[in-house]
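Me: I have a structure open and would like to talk it through. Could you take my questions as they come?

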Amino acid sequence: MSLQQDLEGRSGNKCELCTATNNLAVYEVKPTITVGGSGVDGSLLACETCITQIENPAETEANHWRCLNDAMWSEHRAVKVVSWRMLSRLRNEGWPKDLLDMMYLEDDDLRFAKESGDHLDESEKIIHRDANGAILQAGDNVVLIKDLKVKGSSLVAKQGTAVRRISLDHENAKFIEGKVGPTQIVIITDYVKKMADKE
């Protein structure tokens, strides 16, 4: 069975956030690296409206997300994490804060939920940017724009090397992490360029 079929079976062919039944698609909760890759545990079935608002905070309509009153109690990790993130993003509305106060996440799930930074005020967020100024997010793919000597080893990461599914340093906007071959390394953002999704 495909991932979509698995999620359709799990959800009864409904958006797992708002229960809409049309324009449904698989939504992978970023960063996929945190959940050990994509799959049923790291994905949910969501409608176009929910996905659009998750990915574009400026288009978020608070009243649409009153559906989280039910979705936040889901037994599925991806649904709980997205519910927590959206309630955190909307907490200044008042009612989402009340729901957040009732919600419980295991420590690992809460760490994963916080990866998006939705719980932070704009002034607290650390923004990672590549050499061209493009904003980097956890799970993005980047390419090195110069040869980098890896500290503590004889490894030289060559210009043009792709580093997939990066993670972000939450304390320093200049640092990201990713694998070059089998080695997990810290990379300075000045030396990378974000890859387009299709690359």
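Predicted model: local features only at pLDDT ≥ 70, side-chain atom pairs only at ≥ 80, totals over all residues.

Me: How many helices and strands are in the chain?
Reply: The chain has six helices and twelve strands.

Me: And what box do the C-alpha atoms fill?
Reply: Along the principal axes, the C-alpha atoms occupy a box of roughly 55 × 45 × 30 Å.

Me: What about contacts along the sequence?
Reply: Taking contacts between residues at least 6 apart in sequence, 58% join residues at least 24 apart.

Me: Charges next. How far apart are the mean positions of the positive and negative ones?
Reply: They are 6 Å apart, for 25 positive and 32 negative charges.

Me: Now the open sheet of three strands. What is its order?
Reply: The order is S8-S5-S12, with antiparallel pairing. Strand S8 (162-163) and strand S12 (192-194) are the edge strands, as each pairs on one side only.

Me: How many bridges join S5 and S12?
Reply: Strand S5 (residues 142-144) pairs with S12 over three bridges in the antiparallel sense. Within this pairing, Val 142 stands opposite Lys 194 of S12.

Me: What does strand S10 pair with?
Reply: S10 is joined to strand S9 (residues 167-168) by two bridges, and these strands run antiparallel. S10 also pairs with S11 in the antiparallel sense, over six bridges.

Me: Which residues are the bridge partners of Glu 177?
Reply: Glu 177 in S10 is the bridge partner of Ser 167, and in S11 the partner of Glu 177 is Val 186.

Me: How many residues lie between the strands of each hairpin?
Reply: The hairpin of S9 and S10 has six residues between its strands. The hairpin of S10 and S11 has two, and there Gly 181 takes a positive phi near 65 degrees.

Me: Which face of S10 is covered?
Reply: The covered face carries Ile 176, Gly 178 and Val 180, whereas Phe 175, Glu 177 and Lys 179 make up the uncovered one. In a regular strand, side chains alternate between the two faces of the sheet.

Me: Changing topic: is Thr 189 buried or exposed?
Reply: Thr 189 counts as buried because its relative accessibility is 1%, under the 20% cut-off. Thr 189 sits in the loop between strand S11 (183-188) and S12.

Me: What does Thr 189 touch?
Reply: Leaving out residues up to four places away in sequence, Thr 189 touches residues including His 128, Asp 130, Leu 136, Phe 175 and Ile 176.

Me: Which residues have a positive phi although they are not glycine?
Reply: Among them are Asn 13, with a phi of about 60 degrees, and Asn 23, with about 55 degrees. Asn 13 lies in the loop between helix H1 (3-11) and S1, and Asn 23 is also found in the loop between H1 and S1. At 42% relative accessible area Asn 13 is partly exposed, while Asn 23, at 52%, counts as exposed.

Me: Last one: where is Glu 28?
Reply: Glu 28 belongs to strand S1 (residues 24-28) and is partly exposed, at 29% relative accessibility. Its C-alpha atom is 25 Å from that of Met 102, which is 74 residues away along the chain.

How values were computed: Residues numbered from 1 in each chain as written. Heavy atoms only, no water. Helix = DSSP H or I, 4+ residues; strand = E, 2+ residues; numbered from the N terminus. Contact = heavy atoms within 4.5 Å. Lys, Arg positive; Asp, Glu negative; His and termini not counted. Charge placed at Lys NZ, Arg CZ, Asp CG, Glu CD. Buried < 20%, exposed > 50% of the residue type's maximum accessible area, 1.4 Å probe, protein only. Pairing = 2+ DSSP bridges.
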